[in-house]
Structures are given as C-alpha cells and as structure tokens.
Amino acid sequence: MPLGTDTKQYETPNHPYQGERIATEHSLLDRYGLKNKEELWRAQSELRSYRREARDLLGQAQGDETVVRRSEEFLGRLKRVGVLDEGDELGDVLSLEIEDVLERRLQTVVYRKGLANTTQQARQFITHGHVVVGDQRHRIPSYVVDVDEEDLVAFDENSPLADELHPERAEGQ
C-alpha cells in the first residue's frame, strides 16, 4: 500500500452529538451541496492547517529572513487560491471562516458563475465531465480553483450542455 493512503485527511469532531454543531454542519452541507460531512471536515482541517501555519509564522522572530520568505510564500499561496484578498496580512489568516475555503471549490464556482441552477446540479455537471477549467476537464467537485483560473471555468465544448438551449441550463445564460 502506498505511503499515506490509509490516513484520514480530516479530523472528526471531538463530541459527536452536539445539536448546535450538527445544525450548522447541515446548513453548510445544503448551502454548498456537499455530499457528506467528510467533505466539510476536510475543508475544516484545511482551514485548521492554514491557521496553524499562520500562528507558527507569527510566533517566530519576524526579522529572520527565512521567516519573512516563508510568510510571503504562505500568503502568496492563499492569495493565489483566493482564500485571502490582496491587501490581507498574516494575522488575517486567523480570522478566516470555513465559508472562505468552501467558496473556492469548483462546485461552488460553477454555481456562482451561473452554469448550474443549484450547487447539487453543479456537482452533477462536474462529476459527469461537462465542466472544464481552461482546456482541462475536471471531475472532482472539491478541486480548488485559483483566482486566475476562475474566468476559465466553462462547459466543455463537446458537452450537450454547451448548447445554450439545453433544458438543464440555468435561465438567462
């Protein structure tokens, strides 16, 4: 078995039966069209790792060249992905919310661009291979769309959905 394939890429909640957390999770699942809570927990773990790295960098000596370089690389990565805005700094990473991470998923970008009527429909279009980013077909709804790729998200030219008169197309496209 290849190294790392048997480890989970997320952490489950410490207390499985908290009504308020469960209700919040369900509303996020509905709003972003996630298949199950595992997808939500993966996004939460990703956010947790962003915050952890920011805390580590903030805690180190700020005058050190390697810390400054690592901070710039880290912020550049988050800005390229679109989780942070251009003017944001290292401290702003600590105030990120789970929605900031979920908004960058291909599934959400397809829905926000108006290519699908619902997030669930966006997920279906992606998994069925109707959506391309540039000239690359993506079948994974959790693919993280970079800011410069966002304008390249469209229907595949060979897909029946590329026809604007297709009945499944959202109104007014």
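Which residues have the most contacts inside the largest nonpolar core? The views below start there. This is a predicted model, where local features need pLDDT of at least 70, side-chain atom pairs count only at pLDDT 80 or more, and totals for chains, interfaces and linings use all residues. Residues are numbered from 1 along each chain as its sequence is written, and side-chain values use heavy atoms, leaving out hydrogens and water.

**View 1. The largest nonpolar core has 23 residues.** Leu40, Tyr50, Phe74, Val93, Ile98 and Leu102 have the most contacts inside this core. A nonpolar core is a set of buried Ala, Val, Leu, Ile, Met, Phe, Trp, Tyr and Cys residues joined through side-chain atoms within 4.5 Å; buried means under 20% relative accessible area, with a 1.4 Å probe and protein chains only. Helix 1 (19–32), helix 2 (37–59), helix 3 (65–81) and helix 4 (98–102) each supply at least two residues of the core. Helices here are DSSP runs of H or I, at least four residues, numbered from the N terminus. Helix 2 brings the largest share, six residues.

**View 2. Valine 93 and its contacts.** Leaving aside neighbours within four places in sequence, valine 93 is in contact (heavy atoms within 4.5 Å) with Tyr50, Arg51, Ala54, Phe74, Leu75, Leu78 and Leu84.

**View 3. A second, separate core has 14 residues.** Among them are Leu106, Ala122, Val153 and Phe155.

Key
Buried means under 20% relative accessible area, exposed over 50%, partly exposed in between (1.4 Å probe, protein chains only).
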